Amino acid sequence: MYFVTKGLVILIGSAAISLGINLFLTPYQILDGGVVGIALILHYIYRLKIGLMIIIISIPIFVISWYKYRAYFYNSIHGLFAYSLSIDLLKSVRNLIHVDALYSAIFGGILMGFGVGLMLRFQTSTGGTDLIAQFLSDKTGINVGILIFMIDSIVIVIGGLLLSSNTLLLSIITILVAGITTSIMTSRV
């Protein structure tokens, strides 16, 4: 039953993240932070596949986790492939919903924070900077949502400089909402 539950959590979390990206972020060139944000920057500038870029960028992080944090490696590799593939598979929904850019940033952040938080709550993740944040949280006791927010901030500032000030402002809203949602999902209440 444990593996069925974990598998279901990975699928639901991956779907939420994928829908957040495809329905709400990509139509307005909004960024998330971390590995996803870097992949989105590459997509917006060079039209590269988001999911594929996430896998490629994540390779060094997973190599390190194989040697230093093997449990995280095993708990994240499935999430990495599930959400990366679902992002590229669900790209056809990108123009399905049209809402104002501000609402898009908020709804995208909620879906992404829910997906990441759900997975972290069941000791799995999507890897990438979520994995790094989880490592740091375990070592420092700082809430994983706050650490993700800090890492994400660096990526969106760089992306805002490369893309536009509108991208930067909407992305700030997205990671704030995603960070708050992740924190709520991972709180031990």
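A residue is called buried when its relative accessible area is under 20%, exposed when it is over 50%, and partly exposed in between, with a 1.4 Å probe and protein chains only. By that definition Leu25, with a relative accessible area of 0%, is buried. The structure is a predicted model, in which local features need pLDDT of at least 70, side-chain atom pairs count only at pLDDT 80 or more, and totals for chains, interfaces and linings use all residues. Residues are numbered from 1 along each chain as its sequence is written, and side-chain values use heavy atoms, with hydrogens and water left out.

**Confidence**

- The mean pLDDT of the protein is 91, and 99% of the residues score at least 70; pLDDT is the predictor's confidence in each residue, on a scale from 0 to 100.
- Helices here are DSSP runs (H or I, at least four residues), as strands are (E, at least two), numbered from the N terminus.
- Where pLDDT is low, the predicted coordinates should not be read in detail.

**Largest pocket**

- The largest pocket has a volume of about 280 Å³.
- On a 1 Å grid over the protein atoms alone, a pocket is an open set of points with protein on both sides within 12 Å along at least five of seven lines, whereas a cavity is a set of points where a 1.4 Å probe fits but cannot get out.
- Grid points are joined across faces, edges and corners, and the volume is the space filled by probe spheres set on the points.
- The lining comprises 17 residues, and Leu120, Gln123, Gln134, Asp138 and Arg188 are those nearest the centre of the pocket; a lining residue has an atom within 4 Å of a point.
- At least two lining residues come from each of helix 4 (70–89), helix 5 (101–121) and helix 6 (128–140).
- Helix 4 makes the greatest contribution to this lining, with four residues.
- By type, the lining has five nonpolar, nine polar and three charged residues. Here Ala, Val, Leu, Ile, Met, Phe, Trp, Tyr, Cys and Pro count as nonpolar, Asp, Glu, Lys and Arg as charged, and the others, Gly among them, as polar.

**Positive phi values**

- Most residues other than glycine have a negative phi.
- Gln123, one of the residues nearest the pocket centre, has a positive phi of about 55° although it is not a glycine.
- Gln123 belongs to the loop between helix 5 and helix 6 and is partly exposed, because its relative accessibility is 48%.
- Arg47, also not a glycine, has a positive phi of about 60°.
- Arg47 sits in the loop between helix 2 and helix 3 (50–68), and its relative accessibility of 56% makes it exposed.

**Buried residues in helices**

- Leu25 is part of helix 1 (residues 2–25). Beyond its neighbours within four places in sequence, Leu25 is in contact with Gly20, Ile30, Leu31, Asp32, Leu40, Tyr44, Gly108, Met112 and Thr174, contact meaning heavy atoms within 4.5 Å.
- The C-alpha atoms of Leu25 and Leu170 are 9.1 Å apart, with 145 residues of separation in sequence.
- Ser171, in helix 8 (residues 165–186), is buried because its relative accessible area is 0%.
- Ile30, Leu31 and Ile156 are the contacts of Ser171 once neighbours within four places in sequence are left aside.
- Ser137 is in helix 6 and counts as buried, because its relative accessibility is 13%.
- A polar atom of the Ser137 side chain lies 2.8 Å from the backbone oxygen of Ile142.
- Not counting residues up to four places away in sequence, Ser137 touches Ile142, Asn143, Val144 and Leu147.
- Ile148, in helix 7 (residues 144–162), has a relative accessible area of 8% and is therefore buried. Its C-alpha atom is 13 Å from that of Met185, 37 residues apart along the chain.

**Partly exposed residues**

- Tyr103 lies in helix 5 and is partly exposed, with a relative accessible area of 47%.
- Between Tyr103 and Thr174, 71 residues apart in sequence, the C-alpha to C-alpha distance is 9.6 Å.
- Ile97, in the loop between helix 4 and helix 5, has a relative accessible area of 35% and is partly exposed.
- Leaving aside neighbours within four places in sequence, Ile97 is in contact with Leu23 and Phe24.
- Ile97 and Ile77 are 20 residues apart in sequence, and their C-alpha atoms are 31 Å apart.

How values were computed: Polar contact = N/O pair within 3.5 Å; in protein donor to acceptor, adjacent residues only side chain to side chain.
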